[in-house]
Amino acid sequence: MKAVLALMVIYVGTFLVAIQGASNTSVEASEQNSAQASASIDAVKEKEIRSLLELIGARDSIQDAASSATEQYRQKMLETSANNERAQVLTNAYLAEFQKKFDADTVTNQWVGIYDKHFTEDEIKDLLEFYGSPLGQKVAVEMPKITREAQLATRTASTQAARLAWQDLRAEYPNAGENFRAFNTRRRNPNANVPAQPQAQPSGTQQALGDSPQP
């Protein structure tokens, strides 16, 4: 049971980092700034921005993005604990509760301030005209899909690059993996007695590379 809870803590923590992308203080500051910006927006411009956000389906995109993120972490967690029914139940319960708590309307309201910051009223009118056209409507529908596919391609390429870089490092410095494990041991427990390596420790650049964490 302790192992299940530990695994849940790891994945929940990682999930929160991915969703928030910042500390709670930063999130609260962002909300305050957005509220202040919204209060100072010209009423006509705010109405036009909200019309634009509705036209491009901003709220649905925000909700879909949150749902996509939760599904990715649900799959990752379930794959890791495929034979642990308790972990699967906890994962599904947590993410279901997250979906209830996530407020897409609040994020949409923050978008109003963001659009006001980056676009003039004339530009908002031009965007309304564009997204009101057939091409603009297609862009609004396809862009979320394109973004997801682009993110997947980037993650795949990053994972491959990390794996190949680690393989090359291990080939050039055979003891890199041992040094990495020793580094993790010292980091977790500074007072731990790490067994001496049978071979001489690398120096200079080689030592730095040997202690580099594995991607």
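pLDDT is the predictor's confidence in each residue, from 0 to 100. The model shown here is predicted: local features require a pLDDT of at least 70, side-chain atom pairs count only at pLDDT 80 or more, and totals for chains, interfaces and linings use all residues. Residues are numbered from 1 along each chain as its sequence is written, and side-chain values use heavy atoms, with hydrogens and water left out.

Colour the model by pLDDT to begin. The protein averages 73, and 63% of the residues score at least 70.

Select residues 196–215, where pLDDT stays under 50; the model has 25 contacts (heavy atoms within 4.5 Å) beyond four places in sequence for this stretch. Select residues 1–27 next: pLDDT is again under 50 throughout, with 31 contacts beyond four places in sequence.

Now compare two helices (DSSP runs of H or I, at least four residues, numbered from the N terminus).

Proceed to helix α3, residues 43–55. Its 13 residues reach 18 Å from first C-alpha to last, close to the 18 Å expected at 1.5 Å a residue, the expected span being 1.5 Å times one less than the number of residues.

Show the side chains of α3. Lys 45, Glu 46, Glu 48, Ile 49, Leu 52 and Leu 53 are buried (under 20% relative accessible area, 1.4 Å probe, protein chains only). They lie on the same side of α3 because they cover an arc of only 160° around the axis, taken from the directions from the helix axis to the C-beta atoms. On the other side, Ala 43, Lys 47 and Glu 54 are exposed (over 50%).

Finish just after α3, at Gly 57, which takes a positive phi of about 70°.
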